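Hi,

Here is the structure I promised to pass on. Have a look at it first, and then read my notes below.

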Amino acid sequence: MGKLTLTTFLTLDGVMQGPGGPQEDTTGGFEYGGWVVPFADEGMGEFVTEVFDRAGAFLLGRRTYEIFAGYWPQHDDPADPVAGRLNRLPKYVASTTLKEPSWAGTTVIDGENLQSEIVRVKDALDGELQVHGSGALAQWLLARDLVDELNLLVFPVFLGAGRKLFSTGGLPTAFELTTSRTTGSGTALHTYRVKGRAEFGTFGD
């Protein structure tokens, strides 16, 4: 049985939108795309490689899928851990609007069967069913207790605007920190495993 993991680039104020370039995602008038680039270094690359080495399949939202599909098939290298796996492993897209995906190995899952199909795909894997980016999908998965593990890359930058990963109304959830380290550029790399419902108390009791 596999597990569902979510890997996300975050700013200090929790923004996940448009990390890779100015035009990657301008939804809502977002003007700060490409905020990861100044901090990309060897340590970040090593962590991303480790994550992709564990992939058995990918689950993506439509917008992230279209960004990936517009880039990775044209930059294929079987020896590259990211390109090699994205181009060759199964890809599942959660979408009600995408009908004819052109990227080889892609299956579209519609909204009616989304939760049961995600569980079925995950349970059939030996590796990880990995979600990268995919903000709306990530929030949907977190709200339904479908995420087993989080990989959060927290970059030393504050934006003050943009879509955030953790939205109001999510389930109060406790996590166990399994690994943590910092890159030379100051990016904090954390992996958290879901522990259960959040607990509460009062100091002094």
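Leaving aside neighbours within four places in sequence, which residues is G61 in contact with? They are V93, A94, S134 and L137, where contact means heavy atoms within 4.5 Å.

Before I go on, a word on what you are looking at. This is a predicted model, in which local features need pLDDT of at least 70 and side-chain atom pairs count only at pLDDT 80 or more, while totals for chains, interfaces and linings use all residues. Residues are numbered from 1 along each chain as its sequence is written, and side-chain values use heavy atoms, with hydrogens and water left out.

Back to G61, which sits in strand β2. Helices (H or I, at least four residues) and strands (E, at least two) are DSSP runs, numbered from the N terminus. G61 counts as buried because its relative accessibility is 9%; buried means under 20% relative accessible area, exposed over 50% and partly exposed in between, with a 1.4 Å probe and protein chains only. The C-alpha atom of G61 is separated by 7.3 Å from that of A136, though the two residues are 75 apart along the chain.

As for the rest of β2 (residues 55-61), 7 of its 7 residues are buried. The strand has parallel partners: 3 bridges join β2 to β5, and 4 bridges join β2 to β3 (residues 91-94). Two strands pair if DSSP finds at least two bridges between them. If you want to find these pairings on screen, F58 has Q130 as its bridge partner in β5, and L60 has V93 in β3.

Now the whole sheet. It is open, has 8 strands, and runs in the order β4-β3-β2-β5-β1-β6-β8-β7 with mixed pairing. β4 (106-109) and β7 (173-182) are the edge strands, each pairing on one side only.

Next, two helices. In α4 (residues 114-124), the buried residues include L114, I118, V121 and K122. They lie on the same side of α4 because they cover an arc of only 100 degrees around the axis, taking the directions from the helix axis to the C-beta atoms. Among the elements covering them are β1, β2, β3, β4, β5 and α5 (135-143).

In α3 (residues 81-88), V82, A83, G84, L86 and N87 are buried, and the buried residues pack against α1 (42-53), β2, α2 (62-69) and β3. At the start of α3, a side-chain oxygen of D80 comes to within 2.8 Å of the backbone nitrogen of V82.

T187 counts as buried because its relative accessibility is 0%. Not counting residues up to four places away in sequence, T187 touches F39, L153, V154, F155, P156, R181 and T182. The T187 side chain also makes a polar contact with the side chain of S185 at 3.4 Å. (A polar contact is a pair of N or O atoms within 3.5 Å; within protein, one must be able to donate a hydrogen and the other to accept it, and residues adjacent in sequence count only if both atoms are side-chain atoms.)

Cheers
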